[in-house]
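Q: Here is a structure that I would like to go through with you, asking at each step what a term rests on. Could we begin once it is on display?

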Amino acid sequence: MRIDKFLSQLKFCSRNEAKDFLKSHVVAVSNKRIMNPKDEINPEIFDVIIDGKIVYYKPEIHLMMYKPKGYLSANKDRLHPCAVNLLKDPYTRFDFSIAGRLDLDAEGLLVLTTSGTLVHEITSPKKHLPKVYEVKLDRPFIFDEKLLDGVIIKDAKDELYTAKALDLSISGDDVYITIDEGKFHQVKRMFLAVGYEVTYLKRVSIGNLKLGELKPGEYIEINKEQLYD
Ligand code: URA
């Protein structure tokens, strides 16, 4: 790719500013300084060094994050802090999309990725990627088969559809529910349909990717295969 595209993609400067940037900063690849914005580079093979520092680069980056309660599954918002605001250097240089949102009052596993394909793989109901949620309810849960058979709830457009849990289990005060879609407030609405209010909601896994030891606000880089391995 051209160096001006690389610099703008990683937010060092706009493509128009690249000429000036290359004059005022020492940008080098393979020990050769680059001065021409049109020069082609291959950052996957040869490190780009700006003012003596190697620039962290990958064509695609995927992160798993423990979204804390009170954070929006978004990039920018005027009212609330956003999951993307938790990212630090070098990840602030990349444009992440969120693959499967969590409500503001929900917490747990969130995947952030620069790959549109991965967003689709995680969120498309056709891909059947199971998501497991740990749930606390307003009163003790009595196992209800209806959640497995399918309950009729509304989606974000107020259209009715049948939502089915793939799995349902109880462990002490916690209920674990597995679904392979991600409709608006789906888990909350499924429990409401059988007479319970969700008071706590945490996503603990997506496919084979598990929240594990991650603490609220922490994130780590992952590779796509971890979702399916
Ligand atoms: N279901 C919900 O109701 N909320 C979430 O955040 C995720 C699934």
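A: Ile49 stands opposite Ile54 in β4, and two bridges join β3 to β4, which run antiparallel. The model is a predicted one, in which local features need pLDDT of at least 70 and side-chain atom pairs count only at pLDDT 80 or more, while totals for chains, interfaces and linings use all residues. Residues are numbered from 1 along each chain as its sequence is written, and side-chain values use heavy atoms, with hydrogens and water left out.

Q: What makes β3 and β4 a pair?
A: Two strands pair if DSSP finds at least two bridges between them; β3 and β4 are joined by two bridges, so they meet that definition. Strands here are DSSP runs (E, at least two residues) and helices are runs of H or I with at least four residues, both numbered from the N terminus.

Q: Why are β2 and β4 called edge strands?
A: The open sheet of four strands has the order β2-β1-β3-β4, with antiparallel pairing. Within that sheet, β2 and β4 (53-54) each pair on one side only.

Q: Why is Ala99 called buried, whereas Met35 is called partly exposed?
A: Buried means under 20% relative accessible area, exposed means over 50%, and partly exposed lies in between (1.4 Å probe, protein chains only). Ala99, in the loop between β6 and β7, has 1% relative accessibility and therefore counts as buried. Met35, in the loop between β2 (32-33) and β3 (48-50), has 43% and so counts as partly exposed.

Q: Which residues are in contact with Ala99, and which with Met35?
A: Contact means heavy atoms within 4.5 Å. Leaving aside neighbours within four places in sequence, Ala99 is in contact with Val111, Thr113, Val119, Ile122 and Thr123, and Met35 with Leu22 and Lys23. The C-alpha atoms of Ala99 and Val111, twelve residues apart along the chain, are separated by 5.4 Å.

Q: How do you know on which side of α3 its buried residues lie?
A: The buried residues of helix α3 (residues 116-123) are Leu118, Val119, Glu121 and Ile122. They cover an arc of only 165 degrees around the axis, which puts them on the same side of α3, where the arc is that of the directions from the helix axis to the C-beta atoms. These buried residues pack against several strands, including β5 (62-67), β7 (107-113) and β13 (198-206).

Q: What makes a set of residues a nonpolar core?
A: The set must consist of buried Ala, Val, Leu, Ile, Met, Phe, Trp, Tyr and Cys residues joined through side-chain atoms within 4.5 Å. The largest such core has 53 residues, and those with the most contacts inside it are Val135, Ile177 and Phe191. A second, separate core of 16 residues includes Tyr66, Ile122, Leu129 and Ile206.

Q: How many disulfides does a search of the whole structure find?
A: A disulfide is a pair of cysteine sulfur atoms within 2.5 Å, and the search finds zero.
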